[in-house]
Amino acid sequence: MSQTQNRPARRSPFARPAKTEGPRASFSQLLPFIFEHRPVLIWVALLSIIAAIASLAQPLLVSQVITVVEAGDALGGIVWALVALVVVNAVITGYQHYLLQRTGEGIVLSSRKRLAAKMLNLPIAEFDTRRTGDLVSRVGSDTTMLRAVLTQGLVEAIGGTVTFIGALIAMLVIDPVLLGLTVLVIAIAIVTVTLLSMRVRDASHAAQERVGAVAASVERAISSVRTIRAAGATEREVRTIDAEAEGAWQKGVDVAKISALIVPVAGIAMQVSFLVVLGVGGYRVASGAIEIADLVAFILFLFMMIMPLGLFFGAITSVNQALGALGRIQEILDLPDEDAHDRDLAPLALMVGEANAGVLPDAPAVSFDDVHFAYASTPNDPADPANDSPDSVRAEPSVTERQPVLRGVSFDVPRGQRVALVGPSGAGKSTILALVERFYDPSVGTVRMGGLDLRSLERRDLRAQIGYVEQDAPVLAGTLRDNLMLGSPDATDAECEHVLRAVNLGSVLDRDARGLDAAVGEDGIMLSGGERQRLAIARALLAAPPILLLDESTSSLDGVNERMMREAIDAVAAERTLIVIAHRLSTVVDSDRIVVLDGGRVIGEGTHGELVESVPLYRELAEHQLLV
């Protein structure tokens with residue numbers, strides 16, 4: 001069985017996006033993001049109503065001005081009152097615009113915070129099947145779409161409603177006939193916009209999906225740029241990204257086409273209404289049915305009624321576009337956290353056996369008891385061991401159909417001892433460490449620490465007891481200090497420098513005047529492979545946990561550095577428990593115990609000498625490495 005069959009290693013940077021269709025969001029799911037800023041929005045709504053009242057008063061004053069002029073009387077303070085209303089309306093509108101823009105940015109900020117926090121708390125299994133670039137796009141691009149909800153008409157529509165209703169009443173009082181004709185035109189416009197807007201949400205969601213695909217393709221290419229250059233594949237990758245970008249452009253054009261049909265509707269409705277009112281109203285003035293001042297006031301009220309209608313149409317478009325992006329955001333927010341079902345699991349764990357009565361002094365530091373495990377093919381696999389529901393955890397897996405990585409694994413790691421896991425690639429060694437860290441839970445069986453089922457422990461408390469150096473030894477972009485203090489935020493500079501020199505990284509400190517503030521580059525590119533691995537080990541050693549998990553931690557070191565690394569590990573291993581994975585048997589021959597795995601099963605345990613005599617596979621590995 002190959003390693004890729006057994007466990008999902010890091011997703012290949014060249015993997016192509018899967019065709020998925022995300023969920024559709026509803027307006028009710030948008031409201032929590034808006035209501036987070038309720039006090040400001042209430043104030044904006046009040047300003048909008050005041051501005052609406054000021055606007056409604058203007059036609060009435062204009063009508064009075066015309067009447068006074070026709071009568072030949074002095075205007076008095078009417079003109080100044082009209083000017084004051086215009087100025088007040090302008091000031092309120094400007095301040096309202098600022099508040100809406102600021103609140104829109106606040107919605108983007110809060111949505112990004114929620115989304116980022118959710119992503120960093122998702123089960124590890126989710127990251128096995130999702131593309132990094134697409135997740136980044138949801139935080140960076142999709143969240144910006146929510147800004148348009150406030151900045152493109154939704155809140156203004158509240159004040160616009162007051163203006164619309166007030167204008168409607170005034171127009172009814174002035175001339176019901178003209179109002180009836182106007183309402184007919186507007187009704188046709190509203191029906192048209194409603195039908196078109198139903199397509200905006202789906203088109204917007206599709207557009208954001210393609211934007212996510214572009215981000216994922218760019219992330220894939222940039223993260224593997226050296227491999228791509230070396231393979232002479234630069235032009236092919238450029239064409240791939242171009243194709244994704246063109247797909248996103250086409251989806252954006254589709255949204256623009258629908259929006260282009262919606263936007264002019266308000267203008268057309270206003271023009272048609274204006275022409276109808278002008279023609280019919282002129283006839284009614286000529287017939288003496290209404291006065292010229294009333295017609296002028298009616299036309300002004302008409303404009304005031306059409307303007308909020310345009311805001312309303314714009315709000316429909318912006319809300320539906322936001323809902324398209326919100327569907328992708330909500331898809332992540334609706335996923336359960338890593339520890340979502342821990343409270344359900346803990347009672348089950350406490351009933352497993354007597355070892356759960358407390359931390360037993362004589363209990364092994366770590367123990368595996370008949371553990372079966374298989375990685376799920378999709379995040380929604382009902383038999384997914386990472387799907388931490390009480391039913392799924394206790395369900396018997398179909399060993400034949402699911403080809404689990406671990407098949408009834410049992411062994412103990414005594415306190416204070418060094419236990420090595422050896423075996424061919426794909427035997428399940430790294431999976432064992434992932435289960436100890438509780439990145440996944442076993443399908444069947446129990447993993448214990450100090451006699452307690454891991455599922456009965458808080459994940460944070462559990463991981464505080466463990467130092468873990470991954471096989472790939474990832475280094476975070478930033479400085480040496482940032483990497484070292486990731487798990488030890490209170491460490492002093494002296495402690496950081498000591499642990500770096502302990503793992504033979506003193507030269508890295510000395511070659512840069514900035515010392516601990518020396519940059520390591522993206523993914524630690526400014527460090528050699530061995531230096532990256534040693535920095536990851538230093539990070540784990542700095543926390544000084546009682547249990548250390550080292551996944552092939554010396555695989556990138558030369559002979560001299562490997563010896564120095566072994567000496568450093570020996571120094572910190574005193575009175576600590578170590579579980580070590582290594583392909584080089586020379587690094588683990590002096591372990592207190594060696595566990596040999598093959599095909600997801602334990603086929604032997606003992607010391608180096610005992611295993612050479614009793615386990616043919618181990619003897620074969622030792623012979624190939626000239627240790628026999």
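This is a predicted model: local features need pLDDT of at least 70, side-chain atom pairs count only at pLDDT 80 or more; totals for chains, interfaces and linings use all residues.
User: Hi! I'm new here. How many strands are in the open sheet, and what is their order?

Analyst: Welcome! The open sheet has 6 strands, in the order S6-S7-S8-S3-S9-S10, and the pairing is mixed.

User: Which strands are at the edges?

Analyst: Those are strand S6, residues 466-469, and strand S10, residues 601-606. Each of these two pairs on one side only.

User: And what is the average twist?

Analyst: From one strand to the next, the twist averages 15°.

User: Let's look inside the sheet. In what sense do S3 and S8 pair, parallel or antiparallel?

Analyst: Parallel, over 4 bridges. Strand S3 covers residues 418-422 and strand S8 covers residues 577-581.

User: Nice. Which strands does helix H16 lie across?

Analyst: Helix H16, residues 429-436, lies across S3, S6, S7, S8 and S9. Its direction is at about 150° to S7, the strand formed by residues 547-551.

User: What about helix H24, which strands does that one lie across?

Analyst: Helix H24, residues 616-624, lies across S3, S9 and S10. The angle there is about 105° to S9, which is residues 593-598.

User: Back to H16. Is Lys429 buried or exposed?

Analyst: Lys429, found in helix H16, counts as buried because its relative accessibility is 5%, and buried means under 20%.

User: What is Lys429 in contact with?

Analyst: Leaving aside neighbours within four places in sequence, Lys429 is in contact with Leu421, Val422, Gly423, Pro424, Ile581, His583 and Leu597.

User: Changing topic: which residues make the nonpolar surface patch?

Analyst: Ile42, Trp43, Leu46, Tyr95 and Tyr98 make that patch, and it has an area of about 520 Å². Two elements give two or more residues to it: helix H3 (38-71) and helix H4 (78-119).

User: Which of the elements gives the largest share?

Analyst: That's H3, with 3 residues. Ile42 is in helix H3, and with 48% relative accessibility it counts as partly exposed.

User: Now the backbone. What is the phi of Asp370?

Analyst: Asp370 has a positive phi of about 50°, although it is not a glycine. This residue lies in strand S1, residues 366-373, and Asp370 is partly exposed, with a relative accessible area of 37%.

User: And what is the phi of Arg438?

Analyst: Arg438 has a positive phi too, of about 60°, and is not a glycine either. Arg438 lies in the loop between H16 and strand S4, which is residues 444-449.

User: Is Arg438 buried or exposed?

Analyst: Arg438 counts as buried, at 1% relative accessibility.

User: Then which side chain does Arg438 meet in a salt bridge?

Analyst: The side chain of Asp441, at 2.9 Å from N to O. Asp441 is buried as well, with a relative accessible area of 2%.

User: Why would side chains like those pair up?

Analyst: In general, side chains of opposite charge can pair when their charged atoms come close.

User: How many salt bridges does the structure hold?

Analyst: It holds 24. One of the others joins the side chains of Glu437 and Arg463, at 3.9 Å from N to O. That pair links distant parts of the chain, 26 residues apart: Glu437 is in the loop between H16 and S4, while Arg463 is in helix H17, residues 459-464.

User: How accessible are Glu437 and Arg463?

Analyst: Glu437 counts as buried at 5% relative accessibility, whereas Arg463 is partly exposed with a relative accessible area of 23%.

User: Last one: which residues are linked in a network of salt bridges?

Analyst: Glu126, Arg130, Asp134, Arg138, Asp142, Glu209, Arg328 and Glu331. Within that network, Glu126 forms a salt bridge with Arg130, and their closest N and O atoms are 3.0 Å apart. Glu126 counts as buried at 8% relative accessibility, and Arg130 is buried with a relative accessible area of 17%.

User: Thanks, that helps me find my way around!

Conventions: Residues are numbered from 1 along each chain as its sequence is written. Side-chain values use heavy atoms; hydrogens and water are left out. Two strands pair if DSSP finds at least two bridges between them. Axes are lines fitted to C-alpha atoms, for helices over the stretch in contact, and angles run from 0 to 180 degrees between N-to-C directions. Contact means heavy atoms within 4.5 Å. Patches are made of residues with over 30% relative accessible area and no salt bridge: like charges are joined within 9 Å, nonpolar side chains (Val, Leu, Ile, Met, Phe, Trp, Tyr) within 5 Å. Accessible areas come from the Shrake-Rupley method with a 1.4 Å probe; for residues, only the protein chains shown count as cover. A salt bridge is a side-chain nitrogen of Lys or Arg within 4 Å of a carboxyl oxygen of Asp or Glu. Buried means under 20% relative accessible area, exposed over 50%, partly exposed in between (1.4 Å probe, protein chains only).
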